[in-house]
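Please look over the model shown here.

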Amino acid sequence: MKISAEIKTIIKDSLFTGLISLALFGPIVGLKTSSKGEGLFVTPHVSIVVLLVAACIVGRFLIGLNSLRKKEINLIGNITSTISNYMDNKGKHVAITGVLFAIVFPFLPFTDRYVLDVSIMILTYIMLGWGLNIVVGLAGLLDLGYVAFYAVGAYSYALIATTFGWSFWVCLPLAGLFAGFFGILLGFPVLRLRGDYLAIVTLGFGEIVRIILINWYEVTNGPDGITGIPRPSFFGLEFKKFPDEGETSFHTFFNLEYSTMHRIIFLYYLILVLALITNYFTLKIRKLPVGRAWEALREDEIACKSLGVNPTNTKLTAFAIGATFGGFAGAFFATRQAFVSPESFTFIESAIIVAIVVLGGMGSQTGVVLAAIFLIGITEVFRDLEQYRMIAFGGAMVLIMIFKPKGILANRKPTITLKDYIK
Amino acid sequence: MEYFIQQLINGITLGSIYGLIAIGYTMVYGIIGMINFAHGDIFMIGAFIALIAFLLFGLTGIALPIVLFLVLLISMLFTACYGWSVEKLAYKPLRGSFRLAPLISALGMSIVLQNYVQVAQGARVKPLQPLISGGLEFFKESDFVVTLSYLQIFIVFLTIVLMSMFTLLITKTDLGRAQRACEQDRTMTSLLGINVDRTISITFILGSSLASVAGMMFVLYYGVIDFYIGFLAGVKAFTAAVLGGIGSLPGAMLGGLLIGLIETMWSGYISIEYKDVAAFSVLIITLIFFPTGFLGKPDIEKV
């Protein structure tokens, strides 16, 4: 009997999985340490371990049965292939519909303050993803410290705005410039490094920036952060119920009933415009010589050198432009929160942004949008289970990579082909 | 002078811990060419298992050397299970796919492990009262008494023993030969009848066991751990591996010692707040002049 032999191996595998999961969960979950009075005590939690081990055995058994069938069920793979096929055919329409939807979104009936807040967060990540996409997706440089530029943007905005009291529209370009300058500063020495060496150096740089922010009390106010960052105004019209002397507020100018939603909606459009500018810029620059050089460099550095492309300068432009957009996003973050502290710029933020770019399918602009909605969405779905949201987040990263290693929208088309000449 | 010797001793102790973690990074990088971001969290899990084992044995009243030995074995065994499972679940399906996929998977795994321990064990710091106390004192006549604690002797001694065993394993045994062969050319190695998957699994098991020893040392040395220790220790150990030349075992140990010394010297003489900045700055400066670390093989670019 062939089938029963196969069933036997599945059962054997499942029991082995059970043994391993017992070893995994036994000590960490089963023996919880907690402090009572002085010192630590161990409290056993047997039932949870039994449940987890049983779940592992059953799960492994079902996976084994699934692999016996002629056609395996690969749900995530199927869904993402469908999406990416559809996007290939109707990409342009989907993009336009998406933008139109984003424009009317704040006025839809189900849009309340919470939904809008989450959307603003997702759009911030989309913008960061698009900014990093220039560095990682187009130029092929793995940057694990992108949050450093986000932080530089946020802090320079905060410092300029609180010290000089300049308006948002003056501070925003300055914050971008500062971040871009930092990009050049870091990029200059390190961009001749290759692959993973570059990754660890950028990670180190991200940590250096964070540590300096924590410790440089005189300027950054240390771990307490900077408070009282001015909110953005609508071309000089403040979003305040009772505007200060000499100021006109938004609702009186337009004869509206005062509502806190005005500012939220304004912030929403602000980040939408910023993100779309990033996207437009990327799409355009891909068609310019420097954009082509990035993509060529990503594919083959030696060939580029032979053709007279200067790799360091080309990478430096990518790095600086990516950093500038990171800085813009940082400035937006600062003005939205009205508060910045080093806590917001930990390595996990860099990891999330890199994950959005890679999960979206490197170099794909629409992929970034889908990945950002999916990843940030999943943490919001698990919002009530505060403790488990990051587990779900990390698990989603692993699962997408396993089933779709090239990202959600994997089909990367060359920007230019010789279609007229090859017949 | 006395102060310098004290910092030297502390630096070597810290460097031993970093070196042991760095070996896991460098081996995995050598064999499958990926940054195993979850390795720092494997170290953290090793520390937690060691802590739990210490607490359990603390109730039984067995003599200290036996407890140390048993805890060492237990944390190595259980942590190795974690290393093995992480490889099987998150990295093995991605073998042969493009370069960034395993890296993202590893980042995800690292987030999962960190938060899993936070959920299971709680977010608060876990203290452990010192088990090995006392030490040797030098320069008793001078102003500054240099102390070499028994714990530091234990850590450095254990590191030397493990490192020698490990070097023997890699250079003399069949397993080590298979591992070095996989590092050079995986396809050819499998053609020659070596089970590559098994060799990679064993690499992960060995790396995690060494990380768990480092975890146990960390618990004993600092006496307090939480679920977040894996990140910084992991990043610094990876920095050590890169500094020494990634893929090179003696390089990992050298890098570990250097990072440990830089950190203690910097915090001893310049400023304690910026000790992490020092480690990363040294890395950046080193890589500008030695693009593949101190003992790394130069990268040959081929068309």
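Helices (H or I, at least four residues) and strands (E, at least two) are DSSP runs, numbered from the N terminus. This is a predicted model: local features need pLDDT of at least 70, side-chain atom pairs count only at pLDDT 80 or more, and totals for chains, interfaces and linings use all residues. Residues are numbered from 1 along each chain as its sequence is written, while chains are lettered from A and ligands numbered from 1 in the order in which they are written.

Q: In which helix of chain A is A:Ile200 placed?
A: Look for the run that covers residues 195-215 of chain A. A:Ile200 falls in that run. The element is helix 7.

Q: Is A:Ile200 buried or exposed?
A: Count C-beta atoms, placed from the backbone: 20 or more others within 10 Å of a residue's own means buried, 12 or fewer means exposed, and in between means partly exposed. A:Ile200 has 27 C-beta neighbours inside 10 Å. Because of that count, A:Ile200 is buried.

Q: Which residues are in contact with A:Ile200, leaving aside its neighbours within four places in sequence?
A: Two residues are in contact if their C-beta atoms, placed from the backbone, lie within 7 Å. For A:Ile200 the partners carry the letter of chain B. They are B:Phe238, B:Thr239 and B:Val242.

Q: How many residues does each chain give to the contact between chain A and chain B?
A: Each chain has its own count. Chain A gives 49 residues, and chain B gives 57 residues.

Q: Which element gives the largest share of the side of chain A that touches chain B?
A: Several elements give two or more residues to this side, including helix 1 (2-30), helix 6 (168-190) and helix 14 (347-360) of chain A. The largest share is 12 residues. It comes from helix 7 of chain A.

Q: How do the residues of the side of chain A that touches chain B divide into nonpolar, polar and charged?
A: Ala, Val, Leu, Ile, Met, Phe, Trp, Tyr, Cys and Pro count as nonpolar, Asp, Glu, Lys and Arg as charged, and the others, Gly among them, as polar. Sorted that way, the side has 36 nonpolar, eight polar and five charged residues.

Q: Why is helix 7 of chain A said to be largely enclosed by the rest of the structure?
A: Helix 7 of chain A has 21 residues and reaches 31 Å from its first C-alpha to its last. That is close to the expected 30 Å, where the expected span is 1.5 Å times one less than the number of residues. The helix is largely enclosed because its buried residues number 15 of the 21.

Q: How many residues of helix 9 of chain B are buried?
A: Helix 9 of chain B covers residues 229-244. It reaches 23 Å, close to the 22 Å expected. This helix is mostly covered, and its buried residues number 15 of 16.

Q: Which residue takes a positive phi just after helix 9 of chain B?
A: Step past the end of the helix. The phi there is about 105°. The residue is B:Gly245.

Q: What is the phi of A:Ala338?
A: Most residues other than glycine have a negative phi. A:Ala338 lies in the loop between helix 13 (311-337) and strand 4 (339-340) of chain A. It counts as partly exposed because it has 14 C-beta neighbours inside 10 Å. Its phi is positive, near 60°.

Q: How far apart in space are A:Leu272 and A:Met127, C-alpha to C-alpha?
A: A:Leu272 is in helix 10 (residues 261-285) of chain A. It is buried, with 20 other C-beta atoms within 10 Å. A:Leu272 and A:Met127 are 145 residues apart in sequence. In space they are 8.5 Å apart.

Q: How far apart are the centres of domain 1 and domain 2 of chain A?
A: The bounds come from an automatic or database domain assignment. It gives domain 1 (2-73) and domain 2 (76-403). Taken over C-alpha atoms, the centres are separated by 40 Å.

Q: How many helices and strands does chain B have?
A: Chain B has 303 residues, and 50% of them count as buried. Its C-alpha atoms fill a box of roughly 65 × 50 × 40 Å along the principal axes. Its secondary structure comes to 11 helices and four strands.
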